Amino acid sequence: MSFNHKHLIDITEYSADDIMQILETAQRFRSVNERRIKKIPTLKGFTVVNMFNEPSTRTRSSFEIAEKRLSCDSLNFGGSSTSTVKGESLVDTVETLCAYKIDMIIVRDKHAGVPRKIADVSGAHVIDAGDGKHQHPTQALLDLYSIWQAKGDLNGLKVGIVGDIGHSRVCGSLIPALKIMGCEVTVIAPPTLMPARPEVLGADHVTCKIEEALPELDVVYMLRIQRERLEGAPYPSLREYNMLFGLTQERERMMKRDAIICHPGPINRGVELDSFMADHPERSVILDQVYAGILTRMAALYLLLGGSEDGITA
Ligand code: CP
């Protein structure tokens, strides 16, 4: 099956078939990652720039590992070590990088819209690795992969996303991705952490009553409270947030017997998620999500740079 996308910036541009193709390609890369020698020559000769202008542990490291496992050349670039601190514009920076005949730019930036701007001014493929409060499409892909692996099917699952909805770029990609794949989505948050017009999120249900929603859910997706984006926290305290909305051991008793727990990381332990729940041996798939980050990012790199699902070389 061919893959007809140049960029991965907005998950709503992808169909259910496109997303399934990425998840199935990720599944094929699993065997590569479980060998002793975890490297294949598939993208040898391609050059990828990882432009991270905001901190990252998971996204950045998993892209770097994915690139190494596929044998492409990588340039790690961004933040305060670049000439942007001397006033060089984004466009001039991108044009400089493109003069090296690079093939792809993976970008994280605190400003929404930067990946699209880069795609407009460069001939390179672009992957959005998280832009402001807008989108984080590869996070949605790794989440879908992890849920698919845990549940066997995505269609018809009831997924609840709990927490800092208003500041979340994870939500910006995950809600439409879940809807595209046939899930029923409930968003759960205090009114102060909900967007002013929650209907634009596209979720099926919006509520501030976590106890009413929990017993129905197959997947409980806890969001990080984004302290760095909260200027003057619009709720009394982190302790009170934990009491009212945190996934605690008491609230586990309200969950379905086979419901799983997801979190994009990094976790604020004791705020949105108690350690007992984050490390729960049967329910938590948080470290599976981390591993899925490599598989799905390998799949995205491979398909965007022109590989077909059938052409994975050993
Ligand atoms: N989930 C996520 O994007 O984590 P990092 O900020 O560590 O990349």
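Q: Which strand does helix H4 run at about 165° to, among those it lies across?
A: The model is a predicted one. Helix H4 covers residues 114-121 and lies across strand E1 (47-52), E3 and E4. The angle of about 165° is given for the strand E4.

Q: In what order do the strands of the four-stranded open sheet come?
A: The pairing in this sheet is parallel. Its edge strands, E2 and strand E4 (125-131), each pair on one side only. The twist averages 15° from one strand to the next. Read across, the order is E2-E1-E3-E4.

Q: Which residue in E4 is the bridge partner of Asp109?
A: Strand E3 (residues 104-109) and E4 run parallel and are joined by five bridges. For Asp109, the bridge partner in E4 is Asp131.

Q: Which are the edge strands of the five-stranded open sheet?
A: The strand order in this sheet is E7-E6-E5-E8-E9, with parallel pairing. An edge strand here pairs on one side only. Neighbouring strands are turned by 20° against each other on average, direction ignored. The edges are strand E7 (205-207) and strand E9 (260-262).

Q: Which residue in E8 is the bridge partner of Ile161?
A: Strand E5 (residues 158-162) runs parallel to strand E8 (residues 219-222), and four bridges join them. The partner of Ile161 in E8 is Tyr221.

Q: At about what angle does helix H6 run to E5?
A: Helix H6 spans residues 169-180. It lies across E5, strand E6 (184-188) and E8. Its angle to E5 is about 170°.

Q: Is the crossing of H5 and H11 right-handed or left-handed?
A: Helix H5 (residues 137-151) packs against helix H11 (residues 286-304) with the axes 8 Å apart and at an angle of about 115°. Residues of H5 in the contact include Leu141, Leu142 and Tyr145, and those of H11 include Ala292, Leu295 and Arg297. The crossing is right-handed.

Q: How do the residues of the contact of H5 with H11 divide into nonpolar, polar and charged?
A: On the H5 side, Thr138, Gln139 and Asp143 are among the contact residues. On the H11 side, Asp288, Gln289 and Thr296 are among them. The division is five nonpolar, six polar and three charged.

Q: How many nonpolar, polar and charged residues has the contact of H1 with H11?
A: The axes of helix H1 (residues 16-33) and H11 come within 8 Å and cross at roughly 115°, and the crossing is right-handed. H1 contributes residues including Ile22, Leu23, Phe29 and Val32, while H11 contributes residues including Tyr291, Ile294, Met298 and Leu303. By class there are 12 nonpolar, four polar and one charged.

Q: Is the peptide bond from Gly265 to Pro266 cis or trans?
A: Pro266 is found in the loop between E9 and helix H10 (275-278). The omega of the bond from Gly265 is near -10°. The bond is cis.

Q: Which loop holds Ser71?
A: Ser71 is not a glycine, yet has a positive phi of about 70°. Its place is in the loop between helix H2 (58-69) and strand E2 (73-77).

Technical notes. Residues are numbered from 1 along each chain as its sequence is written. This is a predicted model: local features need pLDDT of at least 70, side-chain atom pairs count only at pLDDT 80 or more; totals for chains, interfaces and linings use all residues. Side-chain values use heavy atoms; hydrogens and water are left out. Axes are lines fitted to C-alpha atoms, for helices over the stretch in contact, and angles run from 0 to 180 degrees between N-to-C directions. Helices (H or I, at least four residues) and strands (E, at least two) are DSSP runs, numbered from the N terminus. A crossing is left-handed if the near helix is turned anticlockwise from the far one by less than a right angle, and right-handed if clockwise. Contact means heavy atoms within 4.5 Å. Ala, Val, Leu, Ile, Met, Phe, Trp, Tyr, Cys and Pro count as nonpolar, Asp, Glu, Lys and Arg as charged, and the others, Gly among them, as polar. Two strands pair if DSSP finds at least two bridges between them.
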